[in-house]
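I opened my notebook to take a friendly look through one protein model. Here is what I looked up, entry by entry.

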Amino acid sequence: MAWAHWGCCPWLILFCVYVWSHPTPVDLAREDVRNCSTSPPHLPVTAVNTTVRLTALRQKIQAWNLSAYIIPDTDAHMSEYIGRHDERRAWITGFTGTAGVAVVTLRKAALWTDSRYWTQAERQMDCNWELHKEVGTTPIVTWLLAEIPSGGSVGFDPFLFSIGMFFPQSLDLSKPAG
Ligand SMILES: *[C@@H]1O[C@H](CO)[C@@H](O)[C@H](O)[C@H]1NC(C)=O
Ligand SMILES: *[C@@H]1O[C@H](CO)[C@@H](O)[C@H](O)[C@H]1NC(C)=O
Ligand SMILES: *[C@@H]1O[C@H](CO)[C@@H](O)[C@H](O)[C@H]1NC(C)=O
């Protein structure tokens, strides 16, 4: 009896050491999401480097005399689930969730998505992108009005928007914010 009792002890000790040395889930979560406050920023292996893509888009934005460009999550049929060919937002941001709108200006790049996707966005986006944990068009339009100069133009693909949905009549884009 005594032998059996002592025989299990090494396993108990090993188990304790394993539990003690194993990172807690909180630490793991910090490793697999980006942290843009550290220097250099911490990027998980799942993050997509969008620097070259953003530079290319900003060259086009400048060539078209725009101040910003909106990339929605939909296709020309206003679908939520879209073909790979239509995954514009996923390509420019790295974020592959089905819901989320991106806006790129010459200085900033921002993504708006809902709480289902916040962690996924922090895993997939690099620090070129700011994450806005909001939904709906009003926060996007408010941000745009603060970011772009008065009289600036905002570009978008007209096939991907229903004007009534994206620009509610209550928002007057001709006036600066404030
Ligand atoms: C990011 O890093 C900063 C500085 O090291 C730290 O204070 C902060 O808690 C980190 N944020 C996350 C979400 O891990
Ligand atoms: C992203 O790619 C650019 C261009 O290749 C490179 O200069 C930059 O260092 C990369 N950024 C990161 C965080 O790896
Ligand atoms: C952009 O603005 C410049 C200077 O006003 C003008 O020459 C050019 O034609 C404009 N480009 C486009 C695509 O409208």
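**Notebook: strands, helices and a ligand**

I began with one pair: V103 has A110 as its bridge partner in β3. I keep in mind that this is a predicted model, where local features need pLDDT of at least 70, side-chain atom pairs count only at pLDDT 80 or more, and totals for chains, interfaces and linings use all residues. My numbering starts from 1 along each chain as its sequence is written, chains are lettered from A and ligands numbered from 1 in the order in which they are written, and side-chain values use heavy atoms, with hydrogens and water left out.

**Entry 1: the overall plan**

I counted eight helices and five strands in the protein. Both kinds are DSSP runs numbered from the N terminus: helices are H or I with at least four residues, strands are E with at least two. Along the sequence I read the pattern α-α-α-α-β-α-β-β-α-β-α-β-α.

**Entry 2: the sheet**

In what order do the five strands stand in the open sheet? I found β4-β3-β2-β1-β5, with mixed pairing. Two strands pair if DSSP finds at least two bridges between them. The edges are β4 (130–132) and β5 (154–155), each with a single partner strand, so one side of each is left without a neighbour in the sheet.

Next I followed β2. Strand β2 (residues 101–105) runs antiparallel to β3 (residues 109–112), and four bridges join them. The two form a hairpin with three residues between them. On β3, L111 stands opposite A102. A102 is also the bridge partner of I71, and β1 and β2 pair in the antiparallel sense over four bridges.

**Entry 3: is β2 buried or exposed?**

I checked how much of β2 is covered. Five of its five residues are buried, so β2 is largely enclosed by the rest of the structure. Buried means under 20% relative accessible area, exposed over 50%, and partly exposed in between (1.4 Å probe, protein chains only). In a regular strand, side chains alternate between the two faces of the sheet. For β2 I noted V101, V103 and T105 on one side, A102 and V104 on the other, all buried. In the protein, buried residues make up 34% of the 178 residues.

**Entry 4: helices on the sheet**

Helix α7 (residues 137–147) lies across β1, β2, β3, β4 and β5, and runs at about 5° to β2. The angle is taken between N-to-C directions, from 0 to 180 degrees, with axes as lines fitted to C-alpha atoms, for helices over the stretch in contact. Contact means heavy atoms within 4.5 Å. I also looked at contacts in the protein with a separation of 6 or more: residues 24 or more positions apart account for 61% of them.

**Entry 5: a loop residue**

Where is E87? I found E87 in the loop between β1 and α5 (88–93). E87 is partly exposed, with a relative accessible area of 30%. E87 and D73 are 14 residues apart in sequence and 7.3 Å apart in space, C-alpha to C-alpha.

**Entry 6: ligand 2**

Which residues surround ligand 2? I listed L43, N49, T51 and V52, where a residue is near if one of its heavy atoms lies within 4 Å.
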